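Please look over the structure below with this briefing beside it.

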Amino acid sequence: REEHLLRSEKLRVVGELASGMAHEIRNPLTAVRGFLQISKSNGYNIEAWYSLIMEEIDRMSELTAEFLQFSKPQSTDFRAHSLQTCLQRVIALTESEASRLGLKLVYEHPQAPLLLWMDPDKMVQLLLNLVKNAYEAMNPGGVLYIRMKEISNRAVVEIQDTGVGIPSDRLETIFHPFYTTKDYGTGLGLSISYKIVQDHEGTLEVESIVGEGTTFVLTFPVLTAAEETG
Ligand code: ADP
Ligand code: MG
């Protein structure tokens with residue numbers, strides 16, 4: 001009975017996601033068709049529309065790529081893996097963009113690896129979403145602080161930016177699929193992130209002051225020595 005309820009809840013969520021997705025895809029499709037129609041009926045040189053058409057197509061690819069993260073079967077690739085290694089990867093993936101935007105990173109972490117039971121690709125995806133959002137919220141001169149520590153058998157990661165901040169009445173909405181305040185955002189990053197956190201028995205909290213910045217705090221259970229050796 002409970003399983004049945006869980007299942008119909010899941011179907012409802014999938015249905016909402018699917019209709020949101022259809023809506024999100026229809027807008028760029030309508031735009032692209034519009035460009036083509038105008039250049040056809042006015043005999044315009046189509047080249048004038050190339051970059052607009054490509055932008056809209058890129059947007060659709062990004063949406064479908066991110067959407068696939070939802071529909072992927074539940075991960076089975078869990079193993080003991082270091083959280084520092086994941087963050088190192090995220091930093092490597094974002095550092096050139098950060099320096100291009102004139103943003104700085106301050107990263108503090110314990111020397112000994114914090115080992116978690118995790119799917120490393122998913123963990124990188126989660127941290128990458130949060131770090132990208134932080135960079136996107138800041139102006140040149142902004143600083144991203146990442147503080148990793150262990151507090152009573154939990155790994156804690158604080159991701160703090162000096163960006164635009166989030167109004168308090170939006171602190172829940174930001175986790176809804178397709179909610180975005182960006183011109184080219186998909187609004188899927190945080191909802192995917194939240195799902196990854198849940199899959200890892202973690203917690204995710206956010207605090208923000210408009211005009212000062214935002215802090216996301218993640219916690220996960222740390223593997224004990226006994227669990228590591230299995
Ligand atoms: P997207 O990045 O595509 O907009 P997300 O789900 O990653 O989608 O984020 C949803 C929204 O939450 C963003 O559009 C932004 O308004 C807000 N947001 C997320 N992270 C931050 C942050 N660090 N600072 C300010 N706003 C943020
Ligand atoms: Mg995002």
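Helix 4 gives three residues to the shell around ligand 1, the largest share; helices here are DSSP runs of H or I with at least four residues and strands are runs of E with at least two, numbered from the N terminus. This is a predicted model, in which local features need pLDDT of at least 70 and side-chain atom pairs count only at pLDDT 80 or more, while totals for chains, interfaces and linings use all residues. Residues are numbered from 1 along each chain as its sequence is written, and chains are lettered from A and ligands numbered from 1 in the order in which they are written.

**Ligand shell**
- Ligand 1 is surrounded by 20 residues, the closest being A137, T180, G185, G189 and L190, where a residue is near if its C-beta atom, placed from the backbone, lies within 6 Å.
- Two or more residues of this shell come from each of helix 4 (120-136) and helix 5 (189-199).

**Helix 3**
- After helix 3 comes G102, with a positive phi near 75°.

**Whole chain**
- The protein chain has six helices and seven strands, and buried residues make up 22% of its 230 residues.
- The C-alpha trace spans about 70 × 55 × 35 Å along its principal axes.

Technical notes: A residue is buried if 20 or more other C-beta atoms lie within 10 Å of its own, exposed if 12 or fewer, and partly exposed in between; C-beta atoms are placed from the backbone.
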